[in-house]
Amino acid sequence: ARVWQQMTPQQQRQVRETLLPKWRSLRPIRRQVLLGKLRDLRGLSDAERAAKLNDDTFLDGLSVEERQMLRDLSALRVTEQGPPGDF
């Protein structure tokens with residue numbers, strides 16, 4: 001809820017219309033993989049986060065769509081709970 005309140009209306013719309021439907025379409029195991037990656041990114045500086053998101057070893061095993069979703073969620077500073085509204 002805290003993350004949602006800090007988002008701009010445009011970011012909230014992106015989550016509702018794009019990210020949340022994609023998130024919900026993932027198999028539960030794939031969600032868990034992405035949540036683990038998001039936890040790994042928590043607390044990193046912007047430079048450290050960018051380096052991780054461009055590191056093929058860190059991204060190994062993720063599809064192109066999952067990699068983009070990870071980047072999008074990371075940019076919104078979503079951590080282990082997943083996209084807002086997914087409760």
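Begin with the whole chain in cartoon view: the secondary structure of this protein, a predicted model, comes to 6 helices and 0 strands, and from the N terminus on its elements run α-α-α-α-α-α.

Next, colour the residues by burial and show the surface. Of the 87 residues in the protein, 34% are buried, while the accessible surface comes to about 5,500 Å², with 48% of that area belonging to carbon and sulfur atoms.

Now select helix H6, residues 64-75. Its 12 residues should span 16 Å at 1.5 Å a residue, and the end C-alpha atoms are 17 Å apart, which agrees. Show the side chains of Glu-66, Met-69, Leu-70, Leu-73 and Ser-74, which are the buried residues to look at in H6. These residues lie on the same side of H6, because they cover an arc of only 130° around the axis. Turn to the other side of H6, and you will find Val-64 and Ala-75 exposed.

Finally, select Lys-37 and Phe-58: Lys-37 lies over the face of the Phe-58 ring, at 4.6 Å from the ring centre. A search of the whole structure for aromatic pairs, by contrast, finds 0.

Definitions and conventions:
Residues are numbered from 1 along each chain as its sequence is written. This is a predicted model: local features need pLDDT of at least 70, side-chain atom pairs count only at pLDDT 80 or more; totals for chains, interfaces and linings use all residues. Side-chain values use heavy atoms; hydrogens and water are left out. Rings of Phe, Tyr and Trp (its six-membered ring) pair if their centres lie within 6.5 Å; planes under 30 degrees apart count as stacked, over 60 as edge-to-face and the rest as tilted. A charge sits over a ring if NZ of Lys or CZ of Arg is within 6 Å of the ring centre and within 35 degrees of the ring normal. Helices (H or I, at least four residues) and strands (E, at least two) are DSSP runs, numbered from the N terminus. Buried means under 20% relative accessible area, exposed over 50%, partly exposed in between (1.4 Å probe, protein chains only). Accessible areas come from the Shrake-Rupley method with a 1.4 Å probe; for residues, only the protein chains shown count as cover. The expected span of a helix is 1.5 Å times one less than its number of residues. The arc is that of the directions from the helix axis to the C-beta atoms.
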